[in-house]
Amino acid sequence: MRRARTWLPGLLLVTPSIILIGVFVYGMLGWNFRVAMTDQHDAVSEGRFVGLQNFVDIWDLPRWHLSVNHAIVFTVVFVLGALVLGWLLAFLMEKGIRGEGTFRAIYLFPMAISFVATGIVWRWLMNSGTGERAVGLNRLFEWFGLPQWQWFRDQDWGMAAMALPAIWQMSGYVMALFLAGFRGVPEELREAARVDGCTEWGVYRHVVLPLLRPVTLSALIILGHISLKVFDLIVAVSGKQIITDVPAVFMWVAVFDSNDPAKGATIASYIVLSVAIFVIPYLIWSVRKEKRS
Amino acid sequence: MRRWLAAVSITMASVLGLAACGGGGAGQATQAPAASGGGKKQVEVFSWWTGPGEADGLQAMRKIFEEKNPDYTFFDAAVAGGSGDKAKALLQSKLQANTPPDTFQGHAGAELQGYIKAGNLEDLTPLYDELKLKDVFPAQLVEQISVDGKIYSVPVNIHRSNVLWFNPGVLKEAGITAAPKTIEEFIADLGKVKAKGKIPLSIGSEWTATHLLESVLLGTLGADAYNALFKPGADWNSPQVTTALNNFAKIMEYAGDPQDDWQPAAKQVADGQAAFNIMGDWAYGYFHNPPQGGLGKKSKTDFDWAPSPGTEGTYLWLSDSFTLPKGAKNRDGALAWLKVAASKEGQDAFNPKKGSIPARKDADQSLYTDYLADALKDWSTNKLAGSIQHGVSVNQPWLAAINEAVGLYIGSKDVKALQQGLADAATANAQ
């Protein structure tokens with residue numbers, strides 16, 4: 001009885017969330033993989049086990065190649081953009097500008113907005129009208145005599161433009177991460193470098209940046225997994241059009257328009273796997289670090 | 001002991017929280033009609049008519065329904081959202097939970113096939129026989145909404161898909177005297193407009209390209225060959241379809257930058273920035289209605305219309321219809337609603353407000369003016385062909401595959417791949 005007193009309350013406390021996560025995350029995940037391995041290609045059929053057939057067949061679809069390419073372009077532009085911009089903002093902030101608190105709040109605010117709201121505003125900003133029909137950014141560019149763009153409707157660079165709202169939304173968060181990281185670097189280390197004749201830039205390059213590797217890594221993982229499963233932003237900006245198709249949108253169309261649960265589940269499985277590529281190394285790394293300390 | 005208490009109370013709180021979430025769902029369900037509402041039985045009518053015009057039309061039909069059926073009250077279960085994307089998702093979950101509304105709206109034709117195959121709908125052929133509906137609807141309409149000889153829905157209104165909207169001023173400027181009658185004339189006219197520096201053909205998001213494609217297919221193939229494309233075993237690889245797709249490719253070369261949706265594309269014509277736009281006749285209300293719901297333009301001077309090139313004499317139709325789901329709580333009430341929806345009185349009350357024409361041939365012609373008078377005249381005399389984009393000729397998976405092929409074409413400009421995509425879509429889905 002006395003022993004139970006030490007572990008039972010803790011267990012009781014976490015049981016509801018263990019059950020919920022077990023059913024709604026891992027249970028559903030397992031069910032999804034099960035459906036992905038059947039030939040249930042319409043709403044009514046039972047579906048026989050076909051192994052990994054669906055996972056192979058999907059590579060024959062031109063649309064799948066397109067949506068994977070789009071996801072890659074989006075991820076590269078979004079992750080790099082948010083990292084560089086976030087780092088730059090944190091760097092300027094760290095130089096001790098006046099009203100730092102205000103600026104920090106301003107840059108962090110976009111994070112409080114949902115991707116859908118961001119998307120609706122940016123759909124207008126990135127309207128592809130040119131000349132007298134220009135609105136949003138194109139109108140602004142016209143005033144300054146800059147070239148006007150097709151933005152997300154551009155056949156080649158549309159997905160890069162689509163990453164702009166995501167960068168706008170998440171770079172403030174990256175800034176906060178980096179700023180905390182900068183503050184964690186002891187002043188003595190910097191001073192030691194300066195005494196040894198290091199330039200200010202060199203201090204950042206050789207002292208601060210290496211110490212920020214863990215922060216950069218966690219930022220990369222957070223941005224990377226958001227990016228690979230992006231759905232709401234795309235739908236809010238462009239709907240379910242092929243020109244901005246990504247795996248998550250393709251999955252939605254496969255399930256609700258094509259009534260093909262097996263295909264949708266296959267795409268969902270690929271999304272989970274691609275996110276796992278980011279998350280699992282991070283988990284291993286953090287578990288190891290915990291053990292070490 | 002205190003720790004125990006804290007743990008138990010937190011656990012209880014989270015369980016209660018869960019129950020509250022469940023309760024939220026149940027709370028929504030109580031909005032659905034209870035069996036009795038003060039002695040009167042409710043009829044739950046599920047639609048996506050919430051916009052200006054269409055909601056007014058629904059209210060007009062409701063009035064007639066409640067006058068004729070004092071025992072029933074009308075429960076409006078409309079879900080907002082154009083073309084019913086959200087409504088259909090909610091409907092799907094209601095059907096799967098076996099709690100269908102008493103009657104729901106759906107595009108007449110192949111779009112209902114999914115529900116029919118899943119066994120969600122009752123056969124309405126007896127109702128058609130009782131009301132002699134086969135005599136008042138055009139024979140081709142009855143044929144095109146029948147599945148294996150049975151009819152599962154009552155069409156309330158008819159819209160036309162193959163309408164060419166144009167700006168007379170821009171045409172005059174380009175030296176075009178009349179709306180083009182054939183695809184060849186159309187392509188030549190597009191060139192003339194382009195030479196004047198205006199947008200020859202305005203276009204919206206990707207679905208409007210599929211909408212354009214169905215008009216070009218019909219205009220090139222003619223009504224009979226077009227209708228044959230949707231029979232099992234139809235040949236989408238034929239040279240005739242190749243010709244049609246090449247026409248589509250040529251026309252698309254003259255399209256302006258894609259707009260957000262069909263309204264901004266139509267507005268380019270109304271504002272004199274573009275010459276032509278091919279869109280369904282719901283665009284008439286948008287052009288004609290006073291500001292707020294529309295652009296307040298004058299018909300025949302600010303904008304004008306003609307059947308899309310090569311399709312004169314054919315009515316490329318689509319229709320909203322009501323169904324009878326299996327397991328409806330108030331089946332008699334639903335049947336009473338369907339009778340009103342099928343009646344001349346009901347359709348004449350609904351359609352002038354919605355901006356469409358009745359499916360019945362015996363409508364009161366004086367109620368329909370301007371564009372609608374033209375449409376009504378054509379409806380009773382023209383051959384009929386079913387729309388692709390709006391659910392008449394193809395079921396949902398087939399439409400998704402066609403939209404995919406068209407979307408990929410816009411990026412690749414590869415006509416051969418488009419034809420292969422369309423052919424594959426037909427083999428996979430025709431039934």
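From which domains of chain B does the lining of the second largest pocket draw at least three residues each? Keep in mind as you look that this is a predicted model. The answer is domain 1 (41-157 + 320-377) and domain 2 (163-316 + 388-429), each of which gives at least three residues to the lining.

Let's look at the pocket itself. The second largest pocket holds about 640 Å³ of space. Its lining is made of 26 residues, and the closest to the pocket centre are Gln113(B), Gln144(B), Ser146(B), Phe230(B) and Gln431(B). Four elements of chain B give two or more residues to this lining: α4 (113-117), α7 (139-145), β4 (146-147) and α11 (223-228). The most comes from α7(B), with 4 residues.

Now step back to the two domains. The C-alpha centres of domain 1 and domain 2 of chain B lie 28 Å apart. Their contact takes 14 residues from domain 1 of chain B and 16 residues from domain 2 of chain B.

How can we describe such a meeting of parts? The size of an interface is often given as the accessible area lost when the parts come together. Here, domain 1 and domain 2 of chain B bury about 1,300 Å² between them, with 47% of it on carbon and sulfur atoms. On the domain 1 side, Glu111(B), Asp370(B) and Tyr371(B) lose the most area to domain 2 of chain B, together 43% of what that side buries. As for salt bridges across this interface of chain B, the rule finds 0 between domain 1 and domain 2.

Notes: Residues numbered from 1 in each chain as written. Chains lettered and ligands numbered in written order. Predicted model: local features only at pLDDT ≥ 70, side-chain atom pairs only at ≥ 80, totals over all residues. Heavy atoms only, no water. 1 Å grid on protein atoms, 1.4 Å probe; cavity = no way out; pocket = protein on both sides within 12 Å on 5 of 7 lines; lining within 4 Å. Points joined across faces, edges and corners; volume = space filled by probe spheres on them. Domains from an automatic or database assignment. Contact = heavy atoms within 4.5 Å. Buried area = accessible area lost by both parts, 1.4 Å probe. Salt bridge = Lys/Arg side-chain N within 4 Å of Asp/Glu carboxyl O.
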